[in-house]
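Please read them alongside the sequence and the structure.

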Amino acid sequence: MYFQVMKIEKSPSFADTICDLRVRKIKSVFFTQIDVLIDWGLISNIINKYYAKGNNVVGNPSYDGLLLFKMSLLQMWYGLSDYEVEERINDSISFSKFCGLTLEQTSPDHSTLSRFRSRMTEKKGCEKLLKEFNRQLEKHQIIVKTGAIVDASVIDTPLKPKGKSSYEAAEDRKEDERSEGNLEKEKAEKISLKILKPSVDTDASWIKKAGKLRYGYKKHHVTDENGLVLGILTTSANVNEISNLEEVLATADLPKGTIIYGDKGYQSSKNEELLKKKNLKNRILKKQKRTNH
């Protein structure tokens with residue numbers, strides 16, 4: 001009966017999603033291979049240049065930067081939020097082991113990971129970390145750049161505004177309604193709302209996505225067809241994907257002839273010309289043309 005109850009409480013939809021996304025990554029053998037191939041000492045040296053561990057609010061040593069970077073890798077591989085990666089590490093032995101935690105230790109909380117990411121982003125250390133990580137993977141021929149996927153996701157920050165004051169939130173794109181012609185109009189549209197005090201994290205911004213207000217950053221990333229991250233660009237949440245494809249691709253150092261996949265949010269005549277100029281093959285989804293009946 002005990003095992004039956006546990007099976008019911010487990011979310012099959014989440015597990016199915018993980019398996020569909022990256023089947024090979026849910027097995028502990030993948031994490032073991034990464035640990036063998038990567039020189040984590042070199043990674044730690046880069047982290048220590050931008051992130052000082054120090055002590056937490058009660059005076060105990062805070063979490064090591066390498067642990068937080070490994071949490072960030074899990075986020076990128078599985079498309080997890082700060083809250084979700086914390087939960088997965090506490091729930092999964094393979095995730096916990098990859099991060100270097102024992103069974104008795106719990107994951108750093110989501111706010112700790114958010115502060116680490118904000119600090120590394122502010123110091124522009126994230127890009128350097130990822131380049132070194134991928135350099136080591138390429139050395140072992142793990143990454144083969146024949147196809148690349150561009151995408152973006154919103155990352156929330158807990159350091160959001162509170163109180164009674166006005167602010168502006170950009171409306172996130174709607175793929176079925178967006179067109180190149182109304183892009184400037186869309187950028188100009190703002191939503192007037194009420195908040196409390198000025199934002200603690202002034203580099204973040206508000207965005208309305210799927211009818212829900214969120215405050216944070218937008219992570220624009222380029223992955224290979226197996227899900228390994230080739231490049232990443234972090235902006236405030238209100239930056240539209242269609243406007244910065246060139247900057248995102250520049251983080252991945254893709255060879256000529258690479259096939260570029262993306263959703264309809266990246267489709268524009270400007271981006272078509274950009275891919276031609278860079279000798280990259282365009283497989284970005286086309287917007288559906290409206291027809292009058």
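1. Lys-70 and Asp-35 join their side chains in a salt bridge, 3.6 Å from N to O; the term means a side-chain nitrogen of Lys or Arg within 4 Å of a carboxyl oxygen of Asp or Glu. Lys-70 belongs to helix α5 and Asp-35 to helix α3 (residues 28-37), so the bridge ties together parts 35 residues apart in sequence. Helices (H or I, at least four residues) and strands (E, at least two) are DSSP runs, numbered from the N terminus. Lys-70 is buried at 8% relative accessible area, whereas Asp-35 is partly exposed at 31%. Buried means under 20% relative accessible area, exposed over 50% and partly exposed in between, with a 1.4 Å probe and protein chains only.

2. On sources: the model is predicted, local features need pLDDT of at least 70, side-chain atom pairs count only at pLDDT 80 or more, and totals for chains, interfaces and linings use all residues. Residues are numbered from 1 along each chain as its sequence is written, and side-chain values use heavy atoms, with hydrogens and water left out.

3. The whole structure holds five salt bridges. One of them pairs Arg-117 with Asp-82 at 2.9 Å, N to O. Arg-117 is in helix α8 (residues 110-122) and Asp-82 in helix α6, 35 residues apart. Both Arg-117 and Asp-82 are buried.

4. Glu-241 and Lys-218 also form a salt bridge, at 3.2 Å, N to O. Glu-241 sits in the loop between β6 (229-236) and α11 (245-250) and Lys-218 in strand β5 (residues 212-224), so this pair ties together parts 23 residues apart in sequence. Glu-241 and Lys-218 are both buried.

5. Glu-86, in helix α6 (residues 82-91), is buried but has no salt bridge; the nearest side chain of opposite charge is Arg-115, 10 Å away. Here Lys and Arg count as positive and Asp and Glu as negative, while His and the chain ends are not counted. Beyond four places in sequence, Glu-86 is in contact (heavy atoms within 4.5 Å) with Ser-107, Pro-108, Asp-109 and His-110.

6. Where is Leu-280 found? Leu-280 lies in the loop between α12 (269-277) and β8 (281-284). Leu-280 is buried, at 10% relative accessibility. Leu-280 and Ile-260 are 20 residues apart in sequence and 6.8 Å apart in space, C-alpha to C-alpha. Not counting residues up to four places away, Leu-280 touches several residues, among them Leu-249, Pro-255 and Leu-275.
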